Amino acid sequence: MKRQVKAPIQQWGSVIFRYRWAVVTAWVFLICFLGFFAVRTPSLLQDSGFVPNGSSSEEGIVFLEEKLGMSAASMDIVLESTSGENLTTSVAQNRIWKELAPLRNEPFVQDMYSSIVTRRTGEDDIMAFTVLLKETSSEALGHFEAIKAAVPQVNGTHTYITGNLAVYHDMSSAVRHDIVRAESFGIPAALFILLLLFGTLPAAVLPIAVGLGSVAVTMGSLYFVAVQGVALSNFLPNMVTMLGLAVGIDYALFMVSRFREELKSGTVEDALNVTCGTAGRSVLYSGGAVIAGLLALCFIQLPVFRSLALGGMLVVLTSVVAAATLLPALLGIMGHRIFAWPIGLRHQKEFNGRGGQAWIRISQFIMSRPALIAVMVTAALLATALPTLNMKLGIPSAEVLPPSYTSRYGADLMKKAYDIKEANAIMIAVGLDQPYQDQASIRLMKSYASTIRNLPGVHRVESYASFLKDDSNTISPELQKEVEKRHAAKGNAAVIAVVPENGETDPATVKLVQELREHPPEGVNGFFVTGPPAYKLDIMDRIQSGVPYVLVTVLLLTYTILFAAFRSVLLPLKAVVMNLLSLGASFGLITLVFQHGYGASWIQVSYTGSVFAVLPVLVFCVVFGISMDYEVMMLSRIAEAYRNDRNNERSTAIGLQRTGGMITGAALILAVVAGAFMFTDNELMKALGLGLTASVLIDVTIVRILLVPALMKLMGRANWWLPAWLSFFKRTEPDIVQGDSHRS
C-alpha cells in the first residue's frame, strides 16, 4: 500500500519538484558568485583570535604603547652561522650591523637592536636582533611580505624571521596550504567511499557537489564580513572546510540513500516527498544539534571561539539549506538516472537495502546478551578516557607550526641560545602620581621592586630605578636619555620587568602573576600586569570561566532538540550520555598523542607536553553535535519502525539494518575528510582532526553498533516513555503512515 504523507511534507516535496530547475539555477548562480570571493577570504584573515580584549594584560599592552612609546608590533631576526663562527665578537657584530643597515632605514622601522636577553653559554653561533615597527600589528601583517623582503640575508648565516607577527603570517600561509592539501586527499577519498556505497557515479557525485557548494557559499559570505573590518581568526577557513565537507557530504548521503530506496517503489515526486519527510527531517534536527554545539562556543570571551562559532554555524546552516533545497531539486531532475553509470564495484546488493542480513544478525547477537555487552563497552570507553584525568593544558605560540616554517625554527633557535624566561618576562605597567624623575617616584619604584624580589618564584626584577645606586634618588640627564630610549619610563609612566624562575605557564609563575595583581603598590594611578605569562593566564581564565556555560548550553540544547525529534524523555538522555562516553575516549587519545607523545611522529606532531587549551572545548562542541547526526539518523529509523508495530526489539533491528551501512559509510567519509587535517601544518587543526576522527570512529563502531542496540533492548518500552504531564507533546498523527509494513 502506498505511503500517505502529511500535507505539509508533501507540499514541500512537491514545491521543490515543481520548481527544481529554478532552484538549481539559483544555487548555481549563488555558488559561482560567492565562490569568486571565497578564494580571497583566507588572505584577509591575519589575526589568530587569542587577544583577551578588556583583560588586564591587554590593557597593559595598550598602556605601554601609548605612554612609553613601546612598539605595537615587533619581530626578531635570528642569525645562525653556517660555519660555526662566533657571532658575538666585535668584528662579527660590526659586519652584521653594516649588512643590516638598509633595514634600519626603512620607513616602517622604529628601532633595531641586538637582543638584550641573557645569552646561554656555548651558543655563540646564534645571534638575534629585535626590530620595532612603527605600525600596528594589523598594518604590519597587511604587507608583511614586503617587510620580510626588506630583511637582508646576512653573509655566512641562515637568516630567520620570528616573533608573533611572523608566526601569525606563517599561520595564514599554512591555512591556505592546508585547505588545498586536505581537500586534495579528503575529496577523492570521500568520492571513492561513496562509489563503493552507492555503486553509481551520479549518486556518488551529488554529496560531493553539495559539500563543496556549502563550503564555497560560506567562505564567500565570510569575505563580506571580513572586509567590513570584523576580526576573524585565521583558523576559520580550516574549520569551515572541515565542517562543511563533513556535514555537507553526510547530509547529502542520507538524503540520496533514502531517495534511492523510495524510488524503487514509487514515482520520482513520491520518492522526493518521502525523502524530504524522513531523511530531510532528520537532517534538520541533526543540523540543529551541530549548530547548538557551535553556538555554545560564544560563551568563551575570546575572538577565536566566536569566529569559529560564526563560521561553523554558517556552514552547517548552509549545508542544511542545501540538503533541503538544492539536493532535492537535483534528485528531482535526475530521477531514475540516479542509478545510471554503474562503476562495477558492486553487484546487486545495496549497502542500505533490504539484504542487510548481517546487520540483523549483529542486532540479534547483541540483544541476546545486552547487559554483558553494555557493561563491557562502557568499561572499555571509560578506560580509554582515563588519560584525560591528567590532561595538562597549555597555550603554544610558534609551536602551532612545524619546524619547516622559518618563524617556528627561529623561535626554537631563540630558546636554544637565550634565556627565554627573560624574553617572556612579566611586565608591570605603572602610572605614577609624579614624573618618573621625581624622587618620590624613584623611592616608590625601588620600594615596590624590593617587595617583588621577596615573592616566591621571582628570579630577577628590573626597572629604570635599577640603574641607580641604592643610596641615590637622582637621575642624570644622560641616564634619563638612556631610560627613555629603552622605553623603561617616560612622563608619569614606568614599566617593571619581573623575570620568573619557572616557565611562563608553570603553576608557580601563574601564582606569581595572581599575587602581583592582588597586591598593587600604593600611590599609583594606573596598574596593569601584562607580558606573555599574564597574557596566557588571561586566555586560560577566559576559557575556564566559559566552560560551565558551554557544557550546560550544549547538553540542554541537544537534549531539547532530541526530545523534539523523538518525543521521549529517556532516549535523548541516553544519547547525551553515550556521546559523553565517546568524547571522553577521544580526549584520552588526544592526551596520549599531544601530551605524552605516543604516535606523535605518525602525524608529525612536533609540540608535545601539553594539550592546546582551546582544543577540549572546541572538540566537545563540534564532535558532540556531529555525533548526534548518527544518533538522529539511527533513532529516526527505529522510531519510524516502532510507530508501525510497537515492537521495540524488532524496531531496533530494523533501524540497525537500514542505517548500519549508511552510518558506517558516512562516518568513514567524515573520518577521511577530518582525518586529512591531521597531516596539515597547523597543530590545532591536527588535534581537531584527530579528535573528530577518533570520536566518530569510536561512536559508529562501538557506540552505535554495540551500545545503542544493547541499551534499547535493556530499556524496552521505557525508551518511548513520556510522562502524562508531558502528553501534550505527543504527535496527534504519525509523520509517516506506513502501510507497507512488509518492507520493514
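Predicted model: local features only at pLDDT ≥ 70, side-chain atom pairs only at ≥ 80, totals over all residues.

Me: How many aromatic pairs does a search of the whole structure find?
Reply: The search finds 16 aromatic pairs.

Me: Why is the pair of Phe29 and Phe33 called stacked?
Reply: The ring centres of Phe29 and Phe33 are 6.1 Å apart, with 10° between the planes. Centres within 6.5 Å make a pair, and planes under 30 degrees apart count as stacked, so the term applies. Phe29 and Phe33 stand 4 residues apart in helix 2 (residues 20-38), and therefore about one helical turn separates them.

Me: Is Phe29 buried or exposed?
Reply: The relative accessible area of Phe29 is 59%. Exposed means over 50%, so Phe29 is exposed.

Me: What makes the pair of Phe63 and Phe528 tilted?
Reply: The planes of Phe63 and Phe528 are at 45°, and the centres are 5.6 Å apart. Stacked requires under 30 degrees and edge-to-face over 60, so the angle here counts as tilted. Phe63 belongs to helix 4 (residues 56-68) and Phe528 to strand 11 (residues 524-530), so the pair ties together parts 465 residues apart in sequence.

Me: Why is Phe63 called buried?
Reply: Phe63 has a relative accessible area of 12%.

Me: How do you know that the charged end of Arg119 sits over the ring of Tyr418?
Reply: The charged end of Arg119 is 4.9 Å from the centre of the Tyr418 ring. The distance must be within 6 Å, and the direction within 35 degrees of the ring normal. Arg119 is listed as sitting over the ring.

Terms used:
Residues numbered from 1 in each chain as written. Heavy atoms only, no water. Phe/Tyr/Trp six-rings, centres within 6.5 Å; stacked < 30°, edge-to-face > 60°. Helix = DSSP H or I, 4+ residues; strand = E, 2+ residues; numbered from the N terminus. Buried < 20%, exposed > 50% of the residue type's maximum accessible area, 1.4 Å probe, protein only.
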